[in-house]
Amino acid sequence: MTHDWPVIRWTAEHLSGCLDDRLIRFRLGRRQATNTPLFETQCSYIEATVAQFLRWTQYQTDVGPFSKYPYTEYWAYADYKYITVLFQDQPFMFEDVKWSEFGFEGRNGKESTLWIGTEGANTPCHLDTYGCNLVLQVQGRKRWHLFPPEDTAKLYPTRIPYEESSIFSQVDVLHPDVGKFPGFHGARAHIVTLEPGQVLYVPRHWWHYVESVDPITVSVNSWIELEVDDLARVSEAVTKTVVCAMKSAPSDDNADTWLNPTEEEKSSHNENMQYVNLAVMAFAQRKRGLFHRTSSPDLRDAQPVKRDSYGQIKHRGDGVKVPFGQHLIPVKCQEEEPKKTVPADSSCNAAVSSQEDCSGSAKGKHTCGAHLTRCSSCDCVTLDHGTSEQCSENNKGLGPSLITTNDLLDCLVHPDIISRVTELLLERHRGRHL
């Protein structure tokens, strides 16, 4: 369906010519396997041209800001780049993307984002709280690991780092820490390698981890707004209020970088409560059929929306059902080999995660659940506050573990809890207006 779309010619080389010397933001991450996701808060960022990016991928030396990052050690990603911002001086290029042929009348590149990356460039596993997603692969291949909404608990959701409209998974889906996240065993992965010219339809609330598997990849996507997003915006406003309030409080364990780089800045509690009230009112008015997009711009603009790396508001369009035609190929659940499990130990004399023993000095976690900052002979646990506990028969599986602010937040803003809070909030609002 896309073979005659002009956007198919948007290779990195072509885009370099179109963008000329325009600087765009690249996210860089190390090419190393760990048992934890590489969130955007842990990456490096530079401003460079696409031409410099291409020379860097060819091991050339004249690569400007890329010079500090050896190509063999890092991957690079220009992600969430709004086409309407990139090509504001070349609006004719919007017409190269023809989502209208999928049944979305009038939708083109103006409502789309561009992604340019190298092999290994990835987006951490997450779900988008708004709408569904259409993704066109232009150059190279990307591998998608998708999980249904019913697997949410098995993916251990978190809102740290916080990004409006994104719920991240604490699991590194390629190298999961099965000791820390045992429920991931039951997650049902749907894996597909997207080829140039193919379009992937990602249904609402499906988790996805995306990784480039070729030297250079280019893709274009568009988020399609759905009617149920009105309710989701209330939930997102509540989540933002709780996260900002707790992470803004002075605390010894609140020193982490919790705000995702895609967010412009931390908003005040007053601003967040305005979001809550506006989202609740907009939902109520829409339910009564009183809300129109053109009649109340203040309400519409105040609703939480997706933003790109530069804080640009992601445009929203009317929700339309995706047509299921002859070209559609279902992505089936993968039949995987049973994962090995670690038997429960009768004592606390167990190895540190990902190690056969914990001799010497190491960081990790005993299978008994005790969090270590130092372990010398597997008979001692040193806590952050400096006390020690003997690993003995009397301490079976009950090692001391301090609850952090982020632990508490993960529980308070868990999708199931926020969903219930949203229901209660809307019930209270309705009761006051009967």
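## Burial and overall fold

Of the 434 residues in the chain, 48% count as buried, where buried means under 20% relative accessible area, exposed means over 50% and partly exposed lies in between (1.4 Å probe, protein chains only). The chain has eight helices and 17 strands; these are DSSP runs numbered from the N terminus, with helices (H or I) of at least four residues and strands (E) of at least two. Residues 24 or more positions apart account for 76% of the contacts with a separation of 6 or more, a contact being heavy atoms within 4.5 Å.

## Basis and confidence of the model

This is a predicted model, in which local features need pLDDT of at least 70 and side-chain atom pairs count only at pLDDT 80 or more, whereas totals for chains, interfaces and linings use all residues. Residues are numbered from 1 along each chain as its sequence is written, and side-chain values use heavy atoms, with hydrogens and water left out.

The average pLDDT of the chain is 83, and 76% of the residues score at least 70; pLDDT is the predictor's confidence in each residue, from 0 to 100. Over residues 293-305 the pLDDT is below 50, and this stretch has 30 contacts in the model beyond near neighbours in sequence. Residues 337-398 also have pLDDT under 50, and for them the model has 96 contacts beyond four places in sequence. Where pLDDT is low, the predicted coordinates should not be read in detail.

## The surroundings of Thr 118

Thr 118 is found in strand 4, which covers residues 113-118. Its relative accessibility is 0%, so Thr 118 counts as buried. Leaving aside neighbours within four places in sequence, Thr 118 is in contact with residues including Arg 31, Phe 53, Trp 56, Tyr 71, Ala 76 and Asp 214.

A polar atom of the Thr 118 side chain lies 3.0 Å from the backbone nitrogen of Ala 76. A polar contact is defined as a pair of N or O atoms within 3.5 Å; within protein, one must be able to donate a hydrogen and the other to accept it, and residues adjacent in sequence count only if both atoms are side-chain atoms.

## Salt bridges

The structure holds 14 salt bridges, each a side-chain nitrogen of Lys or Arg within 4 Å of a carboxyl oxygen of Asp or Glu. One of them joins Asp 151 to Lys 154, with the closest N and O atoms 3.8 Å apart. Asp 151 counts as buried at 0% relative accessibility, whereas Lys 154 is partly exposed at 31%.

Arg 233 takes part in a salt bridge with Glu 225, the closest N and O atoms being 2.3 Å apart. Arg 233 is buried, with a relative accessible area of 1%, and Glu 225 counts as buried at 4%. The side chain of Arg 233 also meets that of Asp 230 in a salt bridge of 3.4 Å, N to O. Because Asp 230 and Arg 233 are three residues apart in helix 4 (residues 229-247), about one helical turn separates them. Salt bridges that share partners join Glu 225, Glu 227, Asp 230, Arg 233 and Arg 286 into one network.

## Aromatic pairs

There are 17 aromatic pairs, counted where ring centres of Phe, Tyr and Trp (its six-membered ring) lie within 6.5 Å; planes under 30 degrees apart are stacked, those over 60 edge-to-face and the rest tilted. Trp 5 and Trp 99 form an edge-to-face pair, 5.5 Å centre to centre with 90 degrees between the planes. This pair links distant parts of the chain, 94 residues apart: Trp 5 belongs to the segment before helix 1 (12-19), and Trp 99 to the loop between helix 3 (83-86) and strand 4. Both Trp 5 and Trp 99 are buried.

The rings of Tyr 77 and Trp 115 have centres 5.9 Å apart and planes at 50 degrees, so this pair is tilted. Tyr 77 lies in strand 3 (residues 74-82) and Trp 115 in strand 4, 38 residues apart. Tyr 77 and Trp 115 are buried. Ring pairs also link Phe 26, Phe 53, Trp 56, Tyr 59, Phe 66 and Tyr 71 into a cluster; Phe 53, Trp 56 and Tyr 71 are among the contacts of Thr 118.

## Cysteines

A search of the whole structure finds zero disulfides, a disulfide being a pair of cysteine sulfur atoms within 2.5 Å. Cys 132 counts as buried at 3% relative accessibility, whereas Cys 333 is partly exposed, with a relative accessible area of 34%.
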